[in-house]
Amino acid sequence: MLRFLIARLSTIGVTLLVVSGAIFVVTEILPGDVAQMMLKKEATEERLAALRAELNLDRPAHVRYLSWIGGVVRGDFGDSYVQKRPISEIVPRRIAHSLVLALFALVLGVPVAVAAGVWAGVRPDTLWDRVVSTVGLVGISLPEFVTGVMLMLVLASTLHWLPPSSHILAGTTPWTRPEILVMPALTLMGVLFAYIMRMTRANVMEVMQTPYVRTAVLKGLPMRRVILRHVLPNAMLPTITIIATNFGWMLGGLIIVENVFSYPGLGQLLLRSIQTRDVPLLEALSLLIAATYAFSNLVADLAYTALNPRIRYA
Amino acid sequence: MGALALVVQRIANALRLVLRTPSGRIGLPILLVHFILATIGPWLAPYSATEFQQPLVETQLQPPSWEFLFGTDQFGRDILSRVMSGATTLIAVSVSGAALGIALGAAIGMSSGYRGGRIDEIVMRVMDGLMSFPSLLLALLVMAMLGNRPAPIEALQSNWQNILIVITIGVVTLPRVARVIRSVTLSLKTLEFVQSARLRGEGSAYIIFREILPNTLPVLGVEASVRLSYAILTISSLGFLGLGVQPPSPDWGLMLAQSRQFLGHAPWVAMAPAGAIASLVVGVNLVSDGVKQASGLPQEATT
Amino acid sequence: MRLMNGSARLLMMIALVAAMGMLIAACGSDDEASGTLRIGMVADYDTLDPPKLLGLPGTITVEATYDVLVMRNPDLTLQPMLATSWEPNADASEWTFKLREGVKFAHGKEFTAEDVIFTFNRMFEVDSPLASVMAKPTDIVAVDDYTVRFEFGTPNVVLLDSIVKYHAHITPSDVDPARFALETFGTGPFRMTELVIGERAVFERNEDYWWEGHPLVDKMEYIFLTSPEARAEALKAGTIDVIFDLDIASIQTIEDHPDTKVIVAPSGSYMNLAMDVRVAPFDNILVRKALQAATDREAILQGAQFGRGGIAYDHPITPSDPVFNDACLPPDYDPELAKRLLAEAGYPDGIDVTLYTATAGAAMVEMATVFKERAAPAGINVEIVVVTEENYWADTWMQKPFTTVWWGGRPPYEGISVVYPTGAAWGESFYSNARVDELLDIALGQGELADQIETFGELQCIIVDEVPRIIPVFRPVSLGMRNNVQGMEPLWDGTMSVHRVYFE
């Protein structure tokens with residue numbers, strides 16, 4: 001177990017190193033002279049030279065890469081070009097916002113998705129199963145911006161149940177007005193909901209065919225107990241993996257969702273940093289996302305192995 | 001040539017099998033309609049996709065009617081015609097992007113898996129690195145990196161934006177395909193027929209193309225259908241975020257983005273492009289389900 | 001049967017989640033009349049340094065936190081602010097301002113003549129856009145601590161037009177000017193307490209404000225929302241109180257909603273296409289004339305502005321202005337004429353141009369879309385590139401040769417002198433014409449309408465004939481607001497005053 005962990009962690013380390021190098025190269029290739037862009041019309045030769053020196057742009061690329069990585073290791077990501085503040089001040093609040101949204105989506109969606117999947121899987125090829133499967137297919141197929149715009153049209157523009165924009169007012173947190181989370185969370189959950197449901201359904205169908213479940217049913221155990229004790233634990237396993245492996249993917253969904261609903265999270269910040277060529281911020285966010293992705297995959301594997309014995313036990 | 005004929009025959013067989021599955025029976029016709037629209041849609045469309053219907057005062061933001069089945073937009077353009085014309089570029093670009101990624105990914109996956117050793121190790125780390133970004137983020141990064149640059153050759157200029165998107169989709173698709181094909185290759189490598197080919201003294205190129213490639217086809221088919229649906233989603237997301245095609249192209253994502261300001265009093269502007277994207281991806285996903293069922297591979301959700 | 005039991009439980013669970021959602025939705029419906037004015041606007045941030053102001057959020061922030069010497073009210077009357085009175089000498093070559101006493105800047109410094117001198121000198125030092133509009137004083141003299149005299153040497157009848165502008169907000173003389181970009185130090189009605197770029201700015205009432213009883217609200221928040229529909233929907237839902245300024249496409253939906261209203265300001269604000277006349281093909285006057293003839297002003301007015309606003313004639317003077325010259329108008333939309341002009345210019349097979357635009361206020365993308373479509377029959381192939389609205393003014397405008405622009409309304413002298421003179425800071429077309437420079441100098445000393453009509457008449461003819469810019473439409477400046485917001489008025493120059501706003 002320990003050896004496995006060390007091996008995985010070192011793999012992650014190597015991957016992140018590759019990623020950080022790639023990000024650095026990419027931002028080097030990004031069009032536009034950074035100093036020129038920051039000074040705009042005030043760009044005289046002396047000012048450009050001074051700013052380049054201040055930003056260390058006059059030093060060779062590998063030196064800058066090393067000093068950047070050194071800073072990152074110490075938790076210093078540099079200053080945002082656009083906001084002119086340390087990135088370590090800007091990002092944590094955004095992370096918190098996105099995390100709240102993602103968790104809200106999971107709490108809202110996972111139980112329902114699992115329940116629907118179990119229900120469909122226990123009785124395959126019934127009307128309910130067809131409904132669930134169709135919903136699942138449509139869920140996977142609808143891009144977040146379609147779902148988001150449609151929800152906005154129905155729940156906000158027509159029914160006026162929910163606020164159409166999820167901006168956060170000064171001095172408040174997302175929890176002050178949790179209603180702003182509902183539509184972004186529903187949108188974010190759409191695709192994941194479909195995955196989890198389809199996976200659960202497929203697994204439940206499989207588990208239902210295993211000898212021990214059949215035996216349990218034949219023994220006359222109540223159906224509810226069979227499902228809760230034998231089917232669900234086994235069917236949950238892939239679900240956990242899916243949630244964890246899709247966490248990184250959810251970050252991609254956040255880019256769209258947060259921009260549709262004007263929610264000030266990581267995704268919005270990321271898109272802006274790309275649009276405004278805010279290179280240090282972009283580097284920090286990309287690395288952060290790659291790390292999140294790598295670690296959530298690790299967690300998925302660990303959870304899988306940790307839960308595995310229960311299969312044999314059951 | 002022989003290999004190509006084999007591939008074509010395999011694909012024809014596969015399609016027949018797919019059509020036998022329930023998902024395939026619904027999905028293939030949907031896809032067919034979209035592909036027909038993509039090829040002849042612009043000619044079938046009742047109006048031009050970009051032309052304003054004059055006078056603007058009377059044609060601006062008209063609700064659906066017999067004259068304009070899906071209504072008109074802010075510029076008095078027929079939304080039905082725009083949706084019909086939008087399929088061409090989207091499908092052409094997403095199919096080429098996915099194809100590029102699959103071809104490169106399969107080539108890298110097969111050779112890396114077959115060669116093994118240090119190179120394989122390095123290649124796979126790079127693929128892991130690429131895969132640690134959500135595909136949309138990776139696409140945004142590639143677009144930002146390549147965008148705002150003139151085409152290297154004058155002749156490409158008019159289509160440059162589309163070529164950029166194809167490259168972007170290729171880059172996003174590549175690592176996921178490479179990974180899957182590599183693992184298939186690893187298991188094929190140990191099988192008898194590959195070993196005997198090697199003992200016969202065949203070169204690696206021959207073995208990869210004649211022995212391994214044909215046997216990865218079922219997996220490749222599944223991958224192709226899944227990757228195509230992701231390509232469509234990613235491209236229309238880019239359009240929605242304003243990083244893809246430029247107005248006044250009848251791009252569905254862009255149309256939907258621009259329709260948002262009329263949600264309150266002209267919701268029909270949003271309906272048609274939303275429906276078009278949804279039905280296309282539903283079609284692709286149904287076919288993808290069908291392919292999985294027909295191929296007999298486990299029906300895992302792949303991401 | 002037991003399974004049914006399970007499914008019933010599941011149904012309950014789903015119902016519960018749904019109910020929770022509704023409950024949450026029901027809780028947060030009313031948070032009005034809190035004394036906090038929330039203004040939604042575009043997220044285009046650049047600087048807060050008064051003489052360098054560029055985008056709307058920065059300008060409105062400065063207007064809330066600084067004061068000018070004199071303010072021009074929406075009804076065009078002049079309101080004494082930091083200057084209590086002013087007087088020109090006989091030929092208007094010297095102007096004397098009496099300053100308000102006992103006024104303090106945000107950091108505690110007392111406001112005196114040295115701050116006025118510092119502000120105006122710095123304006124010319126940093127080459128503020130206003131520096132190309134305002135004649136440069138030969139000297140600015142502190143007569144005493146509360147009296148300041150501007151000396152020009154030659155007559156200057158339009159000085160007050162410059163004094164009222166947002167670039168002329170008075171900055172303190174004892175602060176490092178580098179700090180002006182991100183902080184505010186003014187004597188204004190509000191103090192900025194928080195600035196999160198791209199998200200919001202928060203203001204609190206200045207309790208020591210010299211204007212007794214003003215401002216009328218305790219707190220103010222600017223909320224930067226990137227898309228027009230997000231702003232419109234937020235206003236309808238009541239999560240913001242005001243949209244400044246309101247996107248034309250949203251006017252209808254704000255008018256239709258029972259809780260919101262639209263105020264349309266009289267304004268000379270306009271949208272235009274700027275061409276860099278130093279760069280091919282725009283250096284060729286025939287190409288510019290071809291683009292002018294291929295501009296369908298009626299279609300732009302209807303397609304981009306839903307018929308709101310009015311037709312403009314390639315110069316910034318409104319048809320209702322007494323100095324408007326109807327003898328020099330651009331040709332009507334005529335693709336055939338445009339084709340001939342292009343052929344004459346050496347482009348018999350048509351021409352390709354790239355037009356940069358963004359959603360940074362006004363219906364610029366829409367104008368570009370209409371322009372492209374209507375110019376096509378003339379063989380003009382326009383490729384539109386939409387760039388992001390953040391930093392549009394800093395990174396694209398005046399950097400790319402062909403861009404869309406919108407401008408706030410200005411009186412005739414200022415409207416022309418801010419763009420057309422040689423070397424103007426905002427000379428977006430990089431245009432230069434000795435006669436234009438000369439005529440503007442003449443206008444500076446002309447107090448009589450008859451003289452002005454002659455001078456501005458000639459200016460209009462030159463500008464229309466040489467087409468450094470295409471100005472197809474005047475745009476309505478409108479504010480969307482909740483019904484309970486009162487006293488919020490857009491100013492003539494396309495900005496707004498927050499001094500008199502209150503909740504009903």
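Into which domains is chain C divided? In this predicted model, chain C falls into domain 1 (2-63 + 188-266 + 478-503), domain 2 (70-179) and domain 3 (270-474).

## Domains of chain C

The centres of domain 2 of chain C and domain 3 of chain C, taken over C-alpha atoms, are separated by 32 Å. Where these two domains touch, 13 residues come from domain 2 of chain C and 13 residues from domain 3 of chain C. On the side belonging to domain 2 of chain C, the residues that touch domain 3 of chain C comprise seven nonpolar, four polar and two charged.

## The sheet of chain C

Chain C contains an open sheet of seven strands with mixed pairing, and the strands follow one another in the order β8-β9-β10-β1-β11-β19-β12. Its edges are formed by β8 (190-196) and β12 (260-265) of chain C, each of which pairs on one side only. Strands of a sheet pair through backbone hydrogen bonds, in either a parallel or an antiparallel manner.

## Chain A

The secondary structure of chain A consists of twelve helices and zero strands, so that the order of elements from the N terminus on reads α-α-α-α-α-α-α-α-α-α-α-α. Of the 314 residues of chain A, 46% count as buried. Among contacts in chain A with a separation of 6 or more, 71% are accounted for by residues 24 or more positions apart.

One of the helices of this chain, α4 (residues 61-73) of chain A, has 13 residues and reaches 18 Å from its first C-alpha to its last, which is close to the 18 Å expected at 1.5 Å a residue. After α4(A) comes Gly75(A), a residue with a positive phi, near 85°.

## Chain B

Chain B, for its part, has a secondary structure of eleven helices and zero strands, and its elements run α-α-α-α-α-α-α-α-α-α-α from the N terminus on. The C-alpha trace of chain B spans about 80 × 45 × 35 Å along its principal axes. Burial applies to 54% of the 303 residues of chain B. When contacts in chain B between residues at least 6 apart in sequence are considered, 73% of them join residues at least 24 apart.

## The contact between chains B and A

The contact between these chains takes 37 residues from chain B and 44 residues from chain A. On the side of chain B that touches chain A, at least two residues each are supplied by α5 (117-131), α6 (135-146), α9 (204-241) and α11 (268-295) of chain B. Of the elements on this side, α11(B) gives the most, with eight residues.

By residue class, the side of chain B that touches chain A divides into 23 nonpolar, ten polar and four charged residues.

Note on methods
Residues numbered from 1 in each chain as written. Chains lettered and ligands numbered in written order. Predicted model: local features only at pLDDT ≥ 70, side-chain atom pairs only at ≥ 80, totals over all residues. Pairing = 2+ DSSP bridges. Helix = DSSP H or I, 4+ residues; strand = E, 2+ residues; numbered from the N terminus. Buried ≥ 20, exposed ≤ 12 C-beta atoms within 10 Å, placed from the backbone. Contact = placed C-beta atoms within 7 Å. Domains from an automatic or database assignment. Nonpolar A, V, L, I, M, F, W, Y, C, P; charged D, E, K, R; others polar. Expected span 1.5 Å × (residues − 1).
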